[in-house]
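User: I am new to this structure. Please show me how to read its features, one at a time.

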Amino acid sequence: MKIEFETKVMNNLKYIFCLILLFGGNMMYATKVYTLQQCVDTAMNNNRNVKQQELNRQSKEIAYEQARMDLLPNLNASAGQSFTMGRSLTADNTYKSVNSSQSSFNVSSNLTLFDGLKMKYNIDAKKAEMQASEYDVEKIKSDIELNVTVAFLQVLLYKENLNTQESQIELTQQKIEQKTALVNSGKLPEGELYELKAQLAKEEFNIIQAENNLKLAKLDLAQIIELKDFEDFDVEKAEGEIDTETMILSADEVYKSAVQHRPEIKGAEYRLISYQKTSDIARSAYYPTLSLGAQMGSGYYNLKGVPNDSFNKQLNDNLSSHVGLNLNIPIFNRFEIKNRVQNSKLAIESSRLEIENAKYELRKKIEQAYQNALAAQARYQAAQKSEIATREAFRYAEQKYEAERASVYELYQAKSTLTLVLSELSQSKYEFILRVKVLELLK
């Protein structure tokens, strides 16, 4: 009885273990399906350029905070200890051949009262640099989103092409089954069946090519979003994410919005502000600077072999403090300030030209994207009409073939034309979606 019970327990455990392996393995190797937004978010989280630019932004933020803190007074403490062997100064201001030691303690502070507004301009310049770096991050993210969108739509295109090839091969297989029955019954010559099988082999080759294209497109997308494990990676369209009914925005409408919001324009504008403030910093060197300083210190003196006052008494007796104003007036600096101001003006003019060039390039890019979107829309509409007509032509050719009024070659021609038109329809559809997406991202 005991042996039978143990055998049943072991069998049950084996059964449970097999179930765990079966379902656990399926869960472990389950395909992870991404939407477009999930791909974009993944790329943002993984991309090293974004991380690098974010570190640069944090550095600019620290520089801005430091510029603000420069308005505060500083406070420093110091201590010193010295030893004298031989002749030392005594309390009656004479020297005696005896060893001595001396301790000193000081606390000092300094506050800039006026520096020609240099610190104020420096704060403004660092703030503008920080804001420009924030838009640099946004620019990289915008470029990544565009690259991910292109790769994502490419995957969808190849998936649709594969579905088209699979649907066509199903039709061929159905024809082969029908004709095989007719050949076996002696109602049809065997030659036509060979032609159908040759067509099937050609379509199977097309499917293999379509599958390879899809795998490469998935690999490209996975590498763009920097997935470590892309073996079980797939994509899907989220509701409302891919829309072919979207209206094309006009080039002027997109440009008016882009020139106000595009990160490359905003970043260039803030860099111009930074250069302007840097010029103000250079001019502030013409003005005098006024600072307030304060210092307090004390010390302890110990002479060997001679009675000395206690440590606390000496610290109290030797305590001294000092407060003073320091005025520095620039008179002649070998034209250094003048040349620095001139260089800052040149930097300002160069920055203005960069802004104009950025706006010109943006305008050119938007106009090209708009024309591409119009052309893609026209191709997509033409492909839709062509698809309707070609489907009807194929249906008519199929009816003629079934009625034995058309050869199998004519059927192949109609079917090949339909496959080509369906492929062109898919390509024109996703190209149109991409062109519209580009316009939206430029806005």
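**Reading burial, packing and the core**

Analyst: Start with one residue. Asn45 is exposed, because its relative accessible area is 54%, and exposed means over 50%. Keep in mind that this is a predicted model.

User: Where does Asn45 lie?

Analyst: Asn45 sits in helix α2.

User: What separates the C-alpha atoms of Asn45 and Ile225?

Analyst: Along the chain, Asn45 and Ile225 are 180 residues apart.

User: How do I describe two packed helices?

Analyst: Take α2 (residues 36-46) and α4 (residues 118-184). Their axes come within 9 Å and cross at roughly 135°. The two helices are therefore oblique to each other. The crossing of α2 and α4 is right-handed.

User: Which residues make the contact of α2 and α4?

Analyst: From α2 come Leu36, Cys39, Val40, Ala43 and Met44. From α4 come Lys141, Ile144, Glu145, Val148, Thr149 and Phe152. By class, this contact of α2 with α4 has eight nonpolar, one polar and two charged residues.

User: How do α4 and α10 pack?

Analyst: Their axes are 10 Å apart, at an angle of about 165°. An angle over 145 degrees counts as roughly antiparallel, so α4 and α10 are roughly antiparallel to each other. Here α4 passes α10 in a right-handed crossing. The contact of α4 with α10 has 13 nonpolar, 11 polar and five charged residues.

User: What is the general idea of nonpolar side chains in soluble globular proteins?

Analyst: They tend to be buried together. In this model, the largest nonpolar core has 65 residues. Cys39, Val148, Leu221, Ile225, Phe233, Val235 and Ile366 touch the most other members. At least two residues of this core come from each of α2, α4, α5 (190-224), β6 (233-235), α6 (251-261), α9 (336-402) and α10 (408-442).

User: Which element gives the largest share of this core?

Analyst: That is α10, with 15 residues.

User: Which residues is Ile366 in contact with?

Analyst: Leave aside neighbours within four places in sequence. Then Ile366 is in contact with Ala251, Val254, Tyr255, Ala258, Leu439 and Leu442.

User: Which residues of α6 are buried?

Analyst: Ala251, Val254, Tyr255, Ser257, Ala258 and Val259 are buried in α6. The buried residues of α6 pack against α7 (263-284), α9 and α10.

User: How do α6 and α9 cross?

Analyst: Read the two values again. The axes of α6 and α9 come within 9 Å and cross at roughly 145°. The crossing of α6 past α9 is right-handed. On the α6 side, the contact is made by Ala251, Asp252, Val254, Tyr255, Ala258 and Val259. On the α9 side, it is made by Lys359, Leu362, Arg363, Ile366, Glu367 and Tyr370. This contact of α6 with α9 divides into eight nonpolar, no polar and four charged residues.

User: What does Tyr370 touch?

Analyst: Tyr370 is found in helix α9. Not counting residues up to four places away in sequence, Tyr370 touches Ile248, Leu249, Ser250, Ala251 and Leu439.

User: What separates the C-alpha atoms of Tyr370 and Leu327?

Analyst: Along the chain, Tyr370 and Leu327 are 43 residues apart. Their C-alpha atoms are separated by 62 Å.

Methods:
Residues numbered from 1 in each chain as written. Predicted model: local features only at pLDDT ≥ 70, side-chain atom pairs only at ≥ 80, totals over all residues. Heavy atoms only, no water. Axes fitted to C-alpha atoms, helices over the stretch in contact; angles between N-to-C directions. Helix = DSSP H or I, 4+ residues; strand = E, 2+ residues; numbered from the N terminus. Parallel < 35°, antiparallel > 145°, perpendicular 65-115°, else oblique. Left-handed = near helix turned anticlockwise from the far one by under 90°. Contact = heavy atoms within 4.5 Å. Nonpolar A, V, L, I, M, F, W, Y, C, P; charged D, E, K, R; others polar. Core = buried A, V, L, I, M, F, W, Y, C linked by side-chain atoms within 4.5 Å. Buried < 20%, exposed > 50% of the residue type's maximum accessible area, 1.4 Å probe, protein only.
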